[in-house]
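Me: Here is a structure I would like to go through. I will ask what stands behind the terms.

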Amino acid sequence: MDTDDSAVSRRGFIRAAAGAGAASAAVGGAAAQEGNETGGNGTDSGGGGLPGAGQTETVALLSSLVFDPENLTVLQGTTVNFVWESDGHNIVVDSQPDGAGWEGTEGGASQLYDTGYEYSHTFDTLGTYEYACAPHRQAGMVGTIEVVEEISTPEPAQGPPPIPDSAKTLGIAATIGLGSTLGLAYFLMRFGGDYEQ
């Protein structure tokens, strides 16, 4: 009978150890993942022959007499949407690359537009475009658009992501707790309890 009891006890101990080991691994894995989630960058390369085809950017014409942003870099084929957020502005092209056909807003320097007006242009020719708001040029309401074939992005970090200190601490604490529990269980099963003398 004693042999059967010890066999059952050993089986029970092994089952308990296996279950506790699986639980510890799950806790450690979850802790290592904490704080390491990243999202997508939300970029869309477009579907046309030009790298920026299908992409749009927005430039706001503000009451502080500035274009926002003043300097913009876009991929070739990107459409820039100019949005009036204040009254009395226009877009006059000062310079552009050879072969480009950007004319600015209709009516030239004399035609002004008010809040809510929108104007779009697709930039297909590589190079630098300089433009201004005619009545506010002297106040500094000028802008540039740089059209490029490629916009470099920083290279991702090499190797696995770092594990946060809190996850390391939690993993160590879980391991110590598991070891202590298993050691105590083994001791009690081996030496504790009421045995016949």
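Me: What pattern does the chain follow, read along the sequence?
Reply: The pattern is α-β-β-β-β-β-β-β-β-α, which comes to two helices and eight strands. Helices (H or I, at least four residues) and strands (E, at least two) are DSSP runs, numbered from the N terminus. The model is predicted: local features need pLDDT of at least 70, side-chain atom pairs count only at pLDDT 80 or more, and totals for chains, interfaces and linings use all residues. Residues are numbered from 1 along each chain as its sequence is written, and side-chain values use heavy atoms, with hydrogens and water left out.

Me: Why is the contact of Asp94 and Arg137 called a salt bridge?
Reply: The term asks for a side-chain nitrogen of Lys or Arg within 4 Å of a carboxyl oxygen of Asp or Glu. The N to O distance between the side chains of Asp94 and Arg137 is 2.6 Å, so the pair meets the definition. The structure holds one salt bridge.

Me: What parts does the pair tie together?
Reply: Asp94 lies in strand β5 (residues 92-95) and Arg137 in the loop between β7 (127-132) and β8 (142-148), so the linked parts are 43 residues apart in sequence.

Me: Why are Asp94 and Arg137 called partly exposed?
Reply: Buried means under 20% relative accessible area, exposed over 50%, and partly exposed in between (1.4 Å probe, protein chains only). Asp94 has 40% and Arg137 31%, so both count as partly exposed.

Me: How much of the chain is buried?
Reply: Buried residues are 25% of the 197 in the chain.
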